[in-house]
Amino acid sequence: MDLNYGTSKAVKCYRDFVMNPDDRVAVRAFVKMFGMPLMEPAKKLHDRLKTYSSAGAYNKDYGSTANRIELKQSVADKEPLVLKVRVGLGPRKFFYHLVDNEQFLLKKEWKGDFNSVTSIFVIDINNHEYKK
């Protein structure tokens with residue numbers, strides 16, 4: 001999949017680390033914002049998403065796990081479609097489905113086909129605890 005990242009502080013911090021995990025400045029910033037236990041799951045998720053051709057192909061292997069790609073609830077029909085995936089068992093990563101390099105798919109246009117999701121735009125990393 002083609003991964004693009006937004007410009008918010010959390011997303012830039014996440015992007016800098018997963019794109020260059022050997023950069024000590026990026027590692028320090030990541031640990032400060034998200035904590036050390038999230039380092040390995042974040043890098044693994046990034047690498048995994050890059051190897052799959054689509055969200056459907058990813059969900060074929062990981063659809064029965066906590067790290068499956070899902071639709072975010074409570075999104076209005078005229079808003080861009082928002083998808084989410086857990087990073088490890090904790091924070092959620094939210095992203096838009098890009099139709100092309102500039103346009104987001106609106107929720108009302110969603111046909112439910114995860115195989116069509118080949119390019120995503122990460123908009124937020126939700127750092128809340130979701131412990132069972």
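Predicted model: local features only at pLDDT ≥ 70, side-chain atom pairs only at ≥ 80, totals over all residues.

Residues are numbered from 1 along each chain as its sequence is written, and side-chain values use heavy atoms, with hydrogens and water left out.

Start with the whole chain selected. Colour it by secondary structure and you get four helices and five strands, in the order β-α-α-α-α-β-β-β-β along the sequence. Helices (H or I, at least four residues) and strands (E, at least two) are DSSP runs, numbered from the N terminus. Along the principal axes, the C-alpha atoms fill a box of roughly 40 × 30 × 30 Å. Switch to a surface: 42% of the 132 residues count as buried (under 20% relative accessible area, 1.4 Å probe, protein chains only).

Next, select residues 9–19, helix 1, and residues 24–34, helix 2. Their axes (lines fitted to C-alpha atoms over the stretch in contact, with angles running from 0 to 180 degrees between N-to-C directions) come within 9 Å and cross at roughly 135°.

Now show side chains where the two touch, contact meaning heavy atoms within 4.5 Å. On helix 1, pick Lys9, Ala10, Cys13, Tyr14, Asp16 and Phe17; on helix 2, pick Ala26, Val27, Ala29, Phe30, Met33 and Phe34.

Finally, zoom back out and look at contacts between residues at least 6 apart in sequence: 55% join residues at least 24 apart.

Notes:
Buried < 20%, exposed > 50% of the residue type's maximum accessible area, 1.4 Å probe, protein only.
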